[in-house]
Amino acid sequence: MKAIILAGGPGTRLRPLTCTRPKLLMPIANRALLDWTFERLSWAGVSEVVLAVNYMAESLRRYFGRERYGVKVKYSVEPRAMGTGGPVKLSEKLIKLEEEETLLIMNGDIWCDLEFSVLEAAHRRNVSRGAVTTITLYEVKDVSRFGVVELKPDGRIAAFHEKPSGRVKSRLINAGVYASTSQIFSYIEPRRTSMELEVFPRLASEKRLYGFQHKGEWGDVGKFEDYLKVNFKVAEALAGEKPRVEGSAEYNSTVKLVPPVILGDGVKLGSGSRIGPNAILGCNVKVGENCQISNSVVFDGVEMEGDCLVKGSILGEEVLLGREAKITGGSVIGDLSIIAPKVKLSRKVYVCPRKEVNKPALGPKRIV
Ligand code: GTP
């Protein structure tokens, strides 16, 4: 099996954090989002991955190099944004598929515990019935943000509706992971084009599109709410009822850790602090006395003085919080920003990287 991963979007909904890193390097439980995927690809015996890159391509190239977890990595660099289909077509010349070899195509901003070998086996069965592509499907309550499929009892997709505005009966959405034969390339034109709006509807109308339902964990990391949700889900799975300490951490018995909690290597927690539930602290985070951190992700190298509160928020790399600063309600602080003592930022205040914030703010608001 070989794979093409779409990795070139600008990730505008995750700004300010994607001002300084591509979305696919955002940490999920202290590990880059795409590393989780690479590991699973390697377990499934995938030999080669083409990363279709555009925005911050050089960061991805530097991070993943030529091989990751034993999987060979190639890069397809686009001259301009080409949607979700164009990059796949452009990657064709870098991928040499053996006769009947399966090609995985996926959105890079998905976190899931899908076993790719199980998807491949389902796809091979579908190919014998005429499939070109098998889409991984996931059941959700609100389908309006996704591509929704109508599935026949034999697993064939009868229709594909991208982000439906009206009522649809199905709850099965496109999970952004596809298994294909090499014939998929002949369905995509070499221009800016959309798999969801152009390629899949055509394959469905030709009865060559099938579905495979994934029943494990799945989440796309498109918005901050989703990003936090995926982090907490993974933290719960990894850490469960005990705090997970990665390497060494320093704290005394006055610190209360309320699981799920993940502490990166070199974390220091001041006396009387309360960490969790749902707190993920990166490497070398330093927390002063009597701080409280819950439902939040704190990136590497953050430092906060005493009596700070961080709730339902995200602090980018090496952010500094002055004494009694309060960051709450889905606020997001860009890398290297400094929040002055006693400043309160609540309700979706987004601070650009390297800003110094000296006044309180109530969002929704961007501090640029
Ligand atoms: P937003 O700007 O917040 O919508 O995020 P995004 O840029 O990542 O777009 P979206 O969430 O629709 O992207 C889904 C997947 O496709 C992600 O893995 C993106 O990296 C990828 N993607 C989106 N546009 C492009 C593109 O033009 N080229 C490539 N190679 N990948 C893309």
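**Ligand shell**

I began with the ligand in this predicted model and listed the residues around the ligand, which number 18, with Leu 6, Pro 10, Thr 12, Arg 13 and Glu 78 coming nearest. Sorting that shell by class, I got seven nonpolar, seven polar and four charged residues.

Arg 13, one of the residues that come nearest to the ligand, contributes through its side chain, where an N or O atom is 2.8 Å from an oxygen atom of the ligand. I then looked up how much of the ligand is covered, and noted that the ligand taken alone exposes 610 Å², of which the protein buries 83%.

**Largest pocket**

Where does the ligand sit? I placed the ligand in the largest pocket, and for that pocket I wrote down a space of about 950 Å³. Its lining comprises 38 residues, and those that lie nearest the centre of the pocket are Arg 13, Lys 23, Thr 84, Asn 107 and Asp 109. Strand E12 (172–180), helix H5 (195–205) and strand E14 (218–220) are the elements that give two or more residues to this lining, and E12 has the largest share, with four residues. By class, I recorded the lining of the largest pocket as 16 nonpolar, 13 polar and nine charged residues.

**Second largest pocket**

I went on to the second largest pocket, which has a volume of about 440 Å³. I counted 16 lining residues here, of which Trp 218, Gly 219, Asp 220, Asp 226 and Lys 229 lie nearest the centre of this pocket. The elements that give two or more residues to the lining are E14 and helix H6 (224–239). Which element gives the most to this lining? I found that H6 does, with five residues. The lining of the second largest pocket divides into six nonpolar, one polar and nine charged residues. I noted in passing that E14 gives two or more residues to the lining of the largest pocket and also two or more to that of the second largest pocket.

**Enclosed space**

How many cavities of 30 Å³ or more are there? My search returned one, and I noted a volume of about 70 Å³ for the largest cavity. Its lining consists of Trp 36, Thr 37, Arg 40, Met 106, Asn 107, Gly 108, Ile 110, Trp 111, Cys 112, Phe 116 and Val 177. Helix H1 (33–43), strand E7 (103–107) and strand E8 (110–112) are the elements that give two or more residues to this lining. By class, I divided the lining of the largest cavity into seven nonpolar, three polar and one charged residue.

**Backbone geometry**

I finished with the backbone, bearing in mind that most peptide bonds are trans and that most residues other than glycine have a negative phi. The peptide bond from Arg 15 to Pro 16 is cis, with omega near 15°, and I located Pro 16 in the loop between strand E1 (2–6) and strand E2 (27–28). I found the peptide bond from Gly 363 to Pro 364 to be cis as well, with omega near 5°; Pro 364 lies in the loop between strand E35 (361–362) and strand E36 (365–367). For Leu 336 I read a phi near 65°, a positive value in a residue other than glycine, and I placed Leu 336 in the loop between strand E30 (332–333) and strand E31 (338–339).

Technical notes
Residues numbered from 1 in each chain as written. Predicted model: local features only at pLDDT ≥ 70, side-chain atom pairs only at ≥ 80, totals over all residues. Heavy atoms only, no water. 1 Å grid on protein atoms, 1.4 Å probe; cavity = no way out; pocket = protein on both sides within 12 Å on 5 of 7 lines; lining within 4 Å. Points joined across faces, edges and corners; volume = space filled by probe spheres on them. Nonpolar A, V, L, I, M, F, W, Y, C, P; charged D, E, K, R; others polar. Near = heavy atom within 4 Å. Polar contact = N/O pair within 3.5 Å; in protein donor to acceptor, adjacent residues only side chain to side chain. Areas by Shrake-Rupley, 256 points an atom, 1.4 Å probe, with all protein chains shown as cover. Sits in = over half its atoms within 2 Å of the grid points.
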